[in-house]
Amino acid sequence: MIFPTDQQLGPGEARTRKRQRNQIIFLGIAGLIGGVIGFATGFFDQGDGSLFAGDWEQLKLPPALALVIVALLIGGLIVLPLWGFRMVDDYKRQHSLIGFTGGCIAVLGGFPIWAALYAGGFVPPPHAFGIFAIAYVAMIASFAFARWRL
Amino acid sequence: MVLIALKNRLKILRAERDWSQAELAGRLDVSRQAVNAIETGKHDPSLPLAFRIARLFDMRIEDIFDDGEHA
């Protein structure tokens, strides 16, 4: 039989199939949350600020929408990654740990380097979104390196 | 600490049973990529996984994995 049902699978194979289903659900929920946040912030944004530029004083959202976005962010950036971390096997968990380590090291080194460069007049002052972006990009790059080069 | 890459007979044992990597992965409850990484020596399995592999093939761990320390 080409496509055995769950009843015809061994316990390990059934767990693997369930994990694959969960991973698809994980990606779907993550994409949905990202889309909702992107749409809501783009459509209902009332201010002139920009996350990228760091002009926080001018960011403005309706308070209720801000709370909804916070709830989505807690789900998308905290709960989902923790759930996903528990779902994967040792091999993929190792890649995730390398990714998280890369992101953490990038912040620990990146912030003082940015501050020193600012003090020297080379760059604008450090701001929160820039630090977040450093962590995020470094995490993705570290993960990709671990996944495809190690 | 000295890291020693383990050699293993996983690919041979799998081939003897005519199992694909995906099939072995399913039996071990790991991803196919994990099986591939172990077979190619890019990843050393955890001790619990090494035990699962040994039990699946009805062998001792040291009959499957070799750290090159014994003659």
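This report describes the fold, surface, ring pairs and salt bridges of a predicted model.

## Basis of the description

The model is predicted, so local features need pLDDT of at least 70 and side-chain atom pairs count only at pLDDT 80 or more, while totals for chains, interfaces and linings use all residues. Residues are numbered from 1 along each chain as its sequence is written, chains are lettered from A and ligands numbered from 1 in the order in which they are written, and side-chain values use heavy atoms, with hydrogens and water left out.

## Architecture of chain A

Chain A has four helices and zero strands, in the order α-α-α-α from the N terminus. Helices (H or I, at least four residues) and strands (E, at least two) are DSSP runs, numbered from the N terminus. Of the 150 residues in chain A, 24% are buried; buried means under 20% relative accessible area, exposed over 50%, and partly exposed in between, with a 1.4 Å probe and protein chains only.

The domain assignment divides chain A into domain 1 (10–87) and domain 2 (89–149), with bounds taken from an automatic or database assignment. The C-alpha centres of these two domains of chain A are 20 Å apart.

## Annotated transmembrane regions

An unreviewed UniProt entry annotates residues 24–44, 64–85, 97–121 and 127–146 of chain A as "transmembrane region". UniProt positions follow the numbering used here, feature names are shortened, and annotations may be inferred rather than shown by experiment. In the model, residues 97–121 of chain A are 92% helix and 0% strand, with end C-alpha atoms 35 Å apart. Residues 127–146 of chain A are 95% helix and 0% strand, and their end C-alpha atoms lie 29 Å apart.

## Nonpolar surface patch

A nonpolar patch on the surface has about 910 Å² of accessible area, and its residues include A:V70, A:I74, A:F132 and A:Y136. Patches consist of residues with over 30% relative accessible area and no salt bridge, like charges being joined within 9 Å and nonpolar side chains (Val, Leu, Ile, Met, Phe, Trp, Tyr) within 5 Å. Accessible areas come from the Shrake-Rupley method with a 1.4 Å probe, and for residues only the protein chains shown count as cover.

Helices α2 (63–87) and α4 (128–148) of chain A each supply at least two residues of the patch. The largest share, seven residues, comes from α2(A). A:I74 lies in helix α2 of chain A and is partly exposed at 42% relative accessibility.

## Aromatic pairs

Over all chains, the structure holds five aromatic pairs. The rings of A:F26 and A:W83 have centres 6.2 Å apart and planes at 40 degrees, so this pair is tilted. It links A:F26 in helix α1 (residues 11–44) of chain A with A:W83 in helix α2 of chain A, 57 residues apart. Rings of Phe, Tyr and Trp (its six-membered ring) pair if their centres lie within 6.5 Å; planes under 30 degrees apart count as stacked, over 60 as edge-to-face and the rest as tilted.

A:W83 is partly exposed, with a relative accessible area of 30%. Ring pairs also join A:F129, A:F132 and A:Y136 into a cluster.

Six salt bridges are counted over all chains, each being a side-chain nitrogen of Lys or Arg within 4 Å of a carboxyl oxygen of Asp or Glu. B:E23 and B:R27 form one (3.6 Å, N to O); they are four residues apart in helix α2 of chain B, about one helical turn. In this helix (residues 21–28), B:L24 and B:A25 are among the buried residues.

B:R60 and B:D63 meet at 3.2 Å, N to O, and a network of salt bridges links B:R60, B:E62 and B:D63.
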